[in-house]
Structure formats: structure tokens, C-alpha cells
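Thanks for coming, everyone. I'll keep this short. Please look at the screen.

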Amino acid sequence: MSDNNSNKDNWPLWEVFTQPKSGKPHEHAGSLHAADKEMALQNARDTYARRNEGVSIWVVESKHITASTPEDMGPFFDPANDKPYRHPQFYSVPRAVKKRS
Amino acid sequence: MENQEKLDEFQARIDAGEKIEPKDWMPERYRQQLIRMMSQHAHSEIVGMLPEGNWIERAPSLKRKLVLLAKVQDEAGHGLYLYSATETLGIDRSELVDQYLYGSAKYSSIFNYPTMTYADICAIGWLVDGAAIVNQTMLARSSYGPYSRANVRICKEESFHKKQGYEMLGKMASGTPEQQKMAQDSVNRWWWPSLMMFGPHDSDSPNSAELIKWQVKLKTNDELRQHFVDRMVMEAEAIGVTIPDPDLEYNEETGHWNFGDIPWDEFWNVVKGNGVMNRERMKARRAAHENGEWVREAANAYAHKKKLQQEKAS
């Protein structure tokens, strides 16, 4: 996880996202170490796409990712919890049109 | 801060079948057990390239050479999936590699046996990868998210490993008398070591209960071993090789195959470092790491130089 250049053996850590086929979203595949972004892409291909698992790959240095924390999970997602009117199930429609919708 | 409340909460999540993710709270002991087990698994994949790599240049045909190359490359990939999954527990890759090359980390003893003929490549695919699949199929449902996902990926690839070995062994077993003899000889040598891959009997496995409680493992060593034996008996018969165990007998009552005593003295002897290939394997791994040092350094220097150039240009 360190990108300390003084440690000659330690290539920085990268996260790899692959798109299984066009039209699908990129998904996290795993991580790897590489000295720079070109090498990260090549290593990602050799490590995570040896069997056409991807038509496109994104790599990003792990240190650039900001993630929500499990401890905040409750309060962080709270705002969505009391808004059932954001879902179609909240609304009623005449029985006659129900089946067709 | 490991109070009982937190431990209970954690256990409740496990019991509800939830996956534990890297940033979630976990008992320190859970983390340590995972690091031990996952890194051992990773090291095994890496060292596992050596016995098979030994035959790449002497493969009997171009087709078999391509297959073996692809398989050995997969093993490297599996090692990498597992190392990066282990790193999510907060341990650095270089530390893992150090523990493996110069410390006390272990790898599966199966790789301390020599590959003497090409039939060994067949038997390894069938038996060793076959045993690994039984184990990894279970681990694909492990409670630790990154470990479970790495094993899902591994299992998808490993089934080709087993099938290519089984197919090849079947061909040899129905070939010339010399080929048949070679095939049987390799099965004779790899059968018992592959049963040992599941680890000691449950009664001698101090970690098992804890790992199962935490759903890191879902089955015991003996359960997995029995599952493997049942399957292999059937597969051996189908291609006409004999399993070298005179005590092998179908048990009507249990619906399983009874098998003879596993030579545990040999197992512990190899674990302690006295197998035929222990020293050779470590020597090869250390040489690969140390001889690659200048490459890692050069890549870093190149990346650094390019970064400076880019900064200058902008």
C-alpha cells in the first residue's frame, strides 16, 4: 500500500476494473502492483483478462480511491431510508391498467 | 478493543451468512488466521509453477506445450489474485514475500515432490489440481469477501487444469505398454501425497474448529478428503488406472469409500523440510526473486524519470 520510492522493491498498488463486454459497466476485478500506469494496464490484462474477461480495463492507483467507511454506513445512507416516494411501489393506479404497466 | 459485544456482533454477521469486507471490524485473530492461510495458499500457487515448469521444454508435442504454458501462467495468476486479496488485510506484499523466501511461511508440501516423467504432469493435473479444486470450491464460499472472490476466479480456471491432466492420463493409460506403465507409476507416486494435501486428520488439526466457526472454511479436512476419494475412485476406473491402496473398499453403510492409513510420518517429514525437493524449490524461488531485483529497480527508475519529464512538459 505504500508508494515509497526509497523502497526499491515496492511498486505502488493499483485497483483494476474490467468491462466484461461492451454495454456492461466496469467492475472491480482485483488489484496488482506496477511501477507506472502502462505497466499497470499490461499486468491487469495478463492477470485479470487471460480468457477474454474484459473488452476494456481501467486502472487507478489505490491511494486515489476514497471510500465510505463501514462505521458510517448507517448515518451515511440514512437520507435514502425515509423516502419511499422515490419508488414506483409507493403509488397506486387503477386495477385495469395495473397488468399492462 | 475486542470486547465480547463486538465479538458477538461479528459472529452474528458470520452466522447470518454475511461476507466480511476489508474495512469491516474483525477480530485480530480472524485477521491473523486469514493472513496465514491466504498467504500460504498464494505461496503454494507460485512454487507450484516449478514442478510443471520443469517439463515445458520437453513437452511431447506443440499442443501439450501450449497447454502446459497456459496452465503454468494461470498458476502465477492465481498467486497474484491471492496475494492482492491478502494485502487487503493490511499487510504489504513485500512483507509476504519476505516471510515466504526468508521467514517461516509455509507452502503446500505437494510441491516438494519431483516430477520425474511426463506422466507426472498428467497425474498432477488430475490429482493435485483435482484436490485443489475440492478445497477451493469450498473456499469460494469463505466468509472473507476478497478471499471468496479470488477463489471463484481460481475455480473457473482450475477446471481446465484438471481436465487437461485427466485427459492426458487417460490417453497414456490406453497407450503402449510403456506408456501404461508410466501412467500407473505416476499415479502410484502422487496418490498419497495428494490425499495429504487436505491436511492432518481433524483430530490433529488445531486450527480447524476456529476456522469453521468463522466460516473461513466450511468443511473439515477429513470431509474434503473423503469427497475427493469418492470422486477419484470413479474417475480412475473410467480410464483404467489403479489407485495404489489395497484397503480401498466401498462402504454400503456410509455410501463412501473406505481407504487405508495415510503415511503421516512422510507428511511431517516433508513439512519439516526434508522432502526430496524442499531445498531445491526454495533455492529456485530465492534465485528468481533476487535475480529479478534489478528489473524491479529499473522499472521504478524508468517510471520516476517519465514522471519528471511529464511534470516538466506541463
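Let's start with one helix: which residues of α1(B) are buried? They are Phe10(B), Gln11(B) and Ile14(B). Buried means under 20% relative accessible area, exposed means over 50%, and partly exposed lies in between, with a 1.4 Å probe and protein chains only. Those three cover an arc of only 100° around the axis, which puts them on the same side of α1(B). The arc is that of the directions from the helix axis to the C-beta atoms.

Before I go on, some ground rules. This is a predicted model, where local features need pLDDT of at least 70, side-chain atom pairs count only at pLDDT 80 or more, and totals for chains, interfaces and linings use all residues. Residues are numbered from 1 along each chain as its sequence is written, chains are lettered from A and ligands numbered from 1 in the order in which they are written, and side-chain values use heavy atoms, with hydrogens and water left out.

Back to α1(B). On its other side, Glu5(B), Glu9(B) and Asp15(B) are exposed. The cover over the buried residues includes α2 (28-47) and α9 (208-213) of chain B. Just after the helix, Gly17(B) takes a positive phi of about 80°.

How are helices picked out? They are DSSP runs of H or I, at least four residues, while strands are runs of E, at least two; both are numbered from the N terminus.

Now α13(B), residues 293-313. Buried here are Arg296(B), Ala299(B), Asn300(B), Ala303(B) and Lys306(B). They sit on the same side of α13(B), because they cover an arc of only 130° around the axis. Trp294(B) and Lys312(B) are exposed, on the face turned away from that buried side. What do the buried residues of α13(B) pack against? They pack against α1 (37-48) of chain A, together with α12 (278-291) of chain B.

Last, the whole chain. Chain B has 13 helices and two strands. Its C-alpha trace spans about 70 × 50 × 35 Å along the principal axes. Of its 314 residues, 51% are buried. Take contacts, meaning heavy atoms within 4.5 Å. Among those in chain B between residues at least 6 apart in sequence, 77% join residues at least 24 apart.
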